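Keep the viewer open as you read.

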Amino acid sequence: MIDRSRRQLLTSLALLPVARSVLAGPDAAAPRHTFAPPDSGREVMRKRFFPNVPLVTHEGKHVRFYDDLLKDKIVVLNLMYADCTTLCPMITANLLAARKILEQRVKVDVFFYSLTIKPVQDTPEKLREYAAMHHVRGKWLFLTGKPENLEELRLRLGYADSNPLKDRKDKALHSGMLRYGNEPLSQWSSIQGSANPDWIAEEITYVVPAAGLKTAPNQAPG
Amino acid sequence: MYFNSRGEKVSRARWKEMYNAFQNRQELIKAGLTSRRDLFRMGLLTSAGMLVAKSGLSSWNGGGDCRYGNSGCGTCASPVTTPWTLPMPIPPVKQAIPVSSLTGPAPTVNPNTAINPATGLAYEGRTRANQAPALGFPFPAGVVYQVTQQQAQINVSNDLPLQNLWTFDGSSPGPTYVAHYGAPVLIRNINNLPSNNGGFGLNSVSTHLHNGHTPSESDGFPCDFFAAGQYYDQYYPNALAGFNSTHIATNGDINESLSTLWYHDHRENFTSQNVYKGLLGFYLLFNQYDTGDETTGFRLPSFPAYDIPMAFADRCFDPTTGIMAFDTFNTDGILGDKFMVNGVIQPVLHVSPRRYRFRWLNTGPSRFLQVYVTDLTSPSTPQPFYQVSNDGNLLPHPVQVPAVALGVAERADVVIDFSQYAGKTLYLENRLNQTNGQGGPSGSVVSGGQGFLMLRIVVDGPAVADNSVNPATLPAYYALPSVSGSVAVSRSFNFDQTRDGQWQINGKLFDCNTVRFKVKQNSLEEWTFNGGFGWSHPIHVHLEEFQITQGAPGLYGSSSDDHNDYSRWGSQYCWSGCSGSSSGVNLSRKDVVRLIPSGNVKVRMRFRDWLGRYPMHCHNVIHEDHAMMLRFDVATTGDTNSNP
């Protein structure tokens with residue numbers, strides 16, 4: 001693998017200085033790559049987006065992000081922090097309502113995970129308080145851990161602004177979005193956290209196989 | 001702790017370098033200097049082709065450009081590919097079949113909801129009856145097709161592995177439908193896509209006929225999706241808009257004729273993934289004037305020999321596996337660094353020295369294009385050509401242009417006379433620089449030969465007869481139907497993003513079940529589109545076309561980066577949005593309009609002939625998937641909600 005990347009790098013370096021003559025003259029020699037075999041869909045997603053970092057749940061349990069939280073599951077992810085007074089409580093409330101509706105529509109488990117963007121102040125105890133305050137029970141974990149691990153997750157999951165300075169000033173610039181997906185089927189997308197809970201539940205069913213649905217997906221009546 | 005944009009840990013020093021690179025890049029973009037040659041001239045590039053270390057131009061790969069098959073000009077770093085090795089594919093023309101040859105039960109006016117014992121699902125995914133038969137259209141239609149959505153292995157470059165793409169009938173772009181006004185079409189659309197998606201894509205689909213004057217149940221509404229194992233019979237009446245309207249007395253208005261349409265997946269929340277994966281193709285409409293035969297009617301170059309559809313796309317490929325990669329959690333917009341035409345990276349087209357009609361289409365997902373014809377032996381020489389249509393509509397007459405700007409889903413038919421270029425090699429070049437999903441004037445127009453070369457055109461074909469009309473003689477096509485008269489309802493739409501990253505229209509989010517407003521059939525509506533700060537959006541309305549009465553955007557560029565003396569093109573050059581009424585190529589009917597940051601565009605239209613649900617949305621498919629869309633219904637009674 002290292003050999004190949006080095007070869008690729010050398011190939012591209014070799015092409016650069018002669019780039020203009022390549023255009024003026026006949027075709028350049030084809031850069032021949034040796035590629036790694038294609039990954040399965042879930043491996044594509046895992047390698048790029050889901051580092052297996054250690055985290056701590058609001059119940060104080062130590063878990064790994066991929067192995068324990070995502071693997072083989074249908075999940076919904078969002079970002080929050082306990083002292084947030086605007087968006088986070090609203091999205092938490094929305095997710096609670098959506099989860100109730102979802103229970104009427106699906107037969108399978110859907111796991112909810114809320115990742116703090118302020119892991120230093122959001123200790124497991126503090127997250128436990130937050131969960132209790134919102135009457136969160138069941139398959140919904142609030143997650144904290146080492147700041148570098150939470151930061152890596154935030155960025156990998158696309159919660160970063162393309163301008164690094166803007167992003168450092170405000171880590172919540174994209175936090176209105178929920179990620180959801182079916183890990184084994186590598187079906188993933190995003191939902192707006194401020195959406196109507198009924199619609200959030202509806203979109204989550206998009207990644208639930210037909211056998212896991214209590215009713216057929218709603219195709220907009222009327 | 002510091003991270004790069006991929007979430008990989010980097011040192012503080014490297015992060016500062018990344019930020020410097022970001023700032024440098026913004027400055028260079030403002031200055032219009034992003035080509036390798038410019039960088040070299042500025043001393044930012046060493047003679048070995050490496051960027052000067054402390055001021056690199058990309059946060060993670062050293063700022064390649066894509067002109068020569070290099071990588072890194074988008075938001076990804078694909079493997080290097082050799083350009084101009086594969087011929088440009090021309091999608092096959094779809095062949096009709098007898099209705100008796102359809103797979104499965106015979107077509108029905110009402111949805112066939114009987115359970116297919118083989119799948120346990122309803123045979124058909126449709127939920128509403130066909131409207132056309134009640135209005136006198138034949139059923140089943142006289143022309144019947146069957147198309148299958150399926151995975152296929154596609155070669156996009158000899159330097160990359162075969163790609164498992166999602167296709168119509170095994171090709172991407174899928175087959176081209178050649179349809180005629182007055183000949184309704186029924187397409188049995190079979191979903192045979194696998195659940196194994198290779199990392200992105202949902203095998204639940206809704207196929208939209210883009211720009212079609214199509215009844216709601218056949219339009220490809222985002223929530224009219226159907227599952228693998230089901231079919232959906234789509235009925236395209238191919239009738240002139242206005243055939244059932246009250247404002248004109250004819251059986252449809254010939255001036256509403258359409259020419260270049262395309263079809264693509266529109267599955268709610270997964271459109272971007274499914275179209276990226278290949279679910280798109282062309283649908284061409286001909287009539288007694290636009291005949292496809294250069295000896296009759298408007299005498300445009302003959303189809304298919306000299307009338308060629310071209311779908312532009314940009315994509316990312318994984319540097320390790322060489323497999324097409326989708327940036328799943330990027331909700332701003334995805335920019336690829338590999339430019340494809342009809343599904344192949346930087347292909348070659350051989351032409352004869354005569355006139356050709358090219359039908360250009362920007363399929364996205366997010367990038368804005370400004371396409372030029374470039375002769376690299378004299379890259380700064382303007383190579384003007386004639387634009388004959390805007391989106392699916394022929395213009396009142398051809399307009400000579402230096403370039404064509406295309407937001408996602410916009411189309412332009414152009415006529416290029418290659419007799420003046422016999423023996424030469426030319427390129428289609430996108431000169432609009434764009435560095436993130438925001439698009440538009442945050443990019444700049446680079447000088448000739450410094451942009452992204454998308455297609456090599458070699459004028460080495462045999463000399464052949466050319467019976468097409470010279471567009472320089474300014475032949476008349478269709479007149480513009482009137483949109484004057486009293487407006488029944490004025491509505492205003494703001495396209496913006498919340499501070500926490502949710503795309504919205506008028507501060508609201510899309511959902512299929514919420515009817516945001518009702519349009520009274522046949523009444524004249526005026527809509528104002530307002531762009532939020534910092535972002536460009538290509539806005540698309542289903543069912544009907546509008547005319548832009550104010551604020552139409554022209555070509556990108558500015559006097560400071562004007563390499564081609566735009567002033568000679570008069571009103572074509574109006575990049576920041578022309579404040580007055582439309583002119584030039586904007587004096588047309590359209591179904592997509594580019595909305596620039598803080599721009600205001602006024603359009604007028606009537607919704608005729610069909611009733612039911614339709615969406616209006618941003619056609620940056622990433623924004624569209626994430627709620628920058630709304631549902632409106634056309635009904636016999638409407639509302640007057642001015643800010644729905």
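In which loop of chain B is the place of Asn269(B)? Asn269(B) sits in the loop between β13 and α4 (271-276) of chain B, where helices (H or I, at least four residues) and strands (E, at least two) are DSSP runs numbered from the N terminus. Its phi is near 75°, a positive value in a residue other than glycine. Asn269(B) is also buried, with a relative accessible area of 1%; buried means under 20% relative accessible area, exposed over 50%, and partly exposed in between (1.4 Å probe, protein chains only).

Before going on, some ground rules: this is a predicted model, in which local features need pLDDT of at least 70 and side-chain atom pairs count only at pLDDT 80 or more, while totals for chains, interfaces and linings use all residues. Residues are numbered from 1 along each chain as its sequence is written, chains are lettered from A and ligands numbered from 1 in the order in which they are written, and side-chain values use heavy atoms, with hydrogens and water left out.

Leu543(B) also has a phi near 75°. You'll find Leu543(B) in the loop between β32 and β33 (546-550) of chain B, and at 6% relative accessibility it counts as buried. On the peptide-bond side, the link from Phe303(B) to Pro304(B) is cis, with omega near 0°, and Pro304(B) is found in the loop between β14 (280-286) and β15 (307-317) of chain B. Another cis bond joins Gly364(B) and Pro365(B), with omega about 20°; Pro365(B) belongs to the loop between β20 (355-362) and β21 of chain B.

That brings us to β21 (residues 369-374) of chain B, which pairs with β26 (residues 425-430) of chain B in the antiparallel sense over four bridges (two strands pair if DSSP finds at least two bridges between them). Within that pairing, Tyr372(B) has Glu429(B) as its bridge partner. Both strands belong to an open sheet of five, in the order β19-β27-β26-β21-β24 (chain B), with mixed pairing. At the edges stand β19 (348-350) and β24 (404-406) of chain B, each with a single partner strand, so one side of each lacks a neighbour in the sheet.

Now look at β37 (residues 612-618) of chain B, where six of the seven residues are buried. Three bridges join β37(B) to β32 (residues 537-541) of chain B, running antiparallel, with His540(B) opposite His617(B). Six bridges tie β37(B) to β38 (residues 629-635) of chain B, again antiparallel, and there Met616(B) faces Leu630(B).

One more loop deserves a stop: Asn238(B) lies between β12 (231-236) and β13 (260-265) of chain B. Asn238(B) is buried, at 7% relative accessible area. The side chain of Asn238(B) makes a polar contact with that of Tyr283(B) at 2.7 Å; such a contact is a pair of N or O atoms within 3.5 Å, where within protein one must be able to donate a hydrogen and the other to accept it, and residues adjacent in sequence count only if both atoms are side-chain atoms.

Stepping back, chain B has five helices and 38 strands, and buried residues make up 67% of its 644 residues.
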